[in-house]
Amino acid sequence: MFLNQRPLKVFSGQSNKALAQEICDNLGITLGNSETQKFNNDNIIVRYQESLREADVFIVQALSAPTSDNLMELLLMIDAAKSASAYRVTAVIPYYSYARSDKKDEPRISISARLVADLIQTAGADRVLTMTLHSPQVHGFFKVPVDHLSSEVVIANHLITHIDNVQDGVVLATDAGDIKRASALARRLNANLAFIDKRRLSDTNVQARGLIGDVKGRKVFVVDDEISTAGSLVEAVNVARNAGATEVYVAVTHGVYVGPAIERIAKLDAVEVCSTNTVEVPEWKMEQGKKLKVLTVAPLFAEAIQRIHSGESVSSLFD
């Protein structure tokens, strides 16, 4: 039996059911039926309520807060699917939060990104589909195939559609490590490129030491892989404005928005702050952060899932 003749089934954990449902809507299929229960002792049980035998199963689960619960639920869902005789199980992880811990930069710490990759593979995942890893080298921690999507197309289309003369603007990377991602977006916009030389003081505080590039009199598009506490974002926007930027727009893949992020964004001297729906943004955050916008990546994930299921190229999505 060819793989594309096997039933395609998409299930969702608790982290982002809205995205999973939208992916299924784009695929023209029904979201799979499963349930997760949490007992009084904090143990989790996952139960599929339909047959998975010989099915091509995709499990959508972002590793967003509560991260430990969502990770454990994903592992249990993978294991249960394999036990239910699924032909293949693909872990669809829109947001892989542990990708930030990709190296041993302090004594006596774990390289968590590798450990989480090991757990996912040990649970039985045959393949992983994810988006915009903080550190692309995390891809190499997996021994199973990994399809690494980018939100660059979605972000570029939004900026081109909603902002006049984007080609006259400047794409600003928040640090040197983001230059490659920012450069790819700048090429799509046919815009210029700049980056900030910064030093991280702690998890919530960064210090900008200089701006490499010219933003004076131009619109600036600040790009990053994610916004967590918004410390880097505040510095980037302030640097751009102080350097003479006329308007500042922010676009990132993962809108995590924890700690003081919403309060900081509310005070930010920026026109808008866009993220995609890899992480579900609660309504109360949207109401408090009036500048927030959410772009959907469901069609991109749906297309990738369809191509994986039918054995087509996923990399051609970015041609």
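I began with Ser34, which I find buried because its relative accessible area is 14% (buried means under 20% relative accessible area, exposed over 50%, partly exposed in between, with a 1.4 Å probe and protein chains only). Ser34 lies in strand β2, where strands (E, at least two residues) and helices (H or I, at least four) are DSSP runs numbered from the N terminus. Leaving aside neighbours within four places in sequence, I list Phe11, Ser12, Arg47, Tyr48, Gln49 and Met77 as the contacts of Ser34, contact meaning heavy atoms within 4.5 Å.

For the record, this is a predicted model, in which local features need pLDDT of at least 70 and side-chain atom pairs count only at pLDDT 80 or more, while totals for chains, interfaces and linings use all residues. Residues are numbered from 1 along each chain as its sequence is written, and side-chain values use heavy atoms, with hydrogens and water left out.

Next I looked up Thr36, also found in strand β2, which spans residues 34-38; Thr36 counts as partly exposed because its relative accessibility is 25%. Not counting residues up to four places away in sequence, Thr36 touches Gln14, Ile44, Ile45, Val46 and Glu73. I also noted that Thr36 and Leu76, 40 residues apart in sequence, are 9.7 Å apart in space, C-alpha to C-alpha.

I then turned to the nonpolar cores, each a set of buried Ala, Val, Leu, Ile, Met, Phe, Trp, Tyr and Cys residues joined through side-chain atoms within 4.5 Å. The largest core has 43 residues, and those with the most contacts inside it are Ile23, Leu149, Val171 and Leu189. Helix α9 (residues 298-310) gives the most to this core, with seven residues. A second, separate core of 35 residues includes Ile44, Leu63, Ala80 and Ala113.

In α4, Glu152, Val153, Ile155, Ala156, Leu159 and Ile160 meet Ala184, Leu185, Arg188 and Leu189 of α5.
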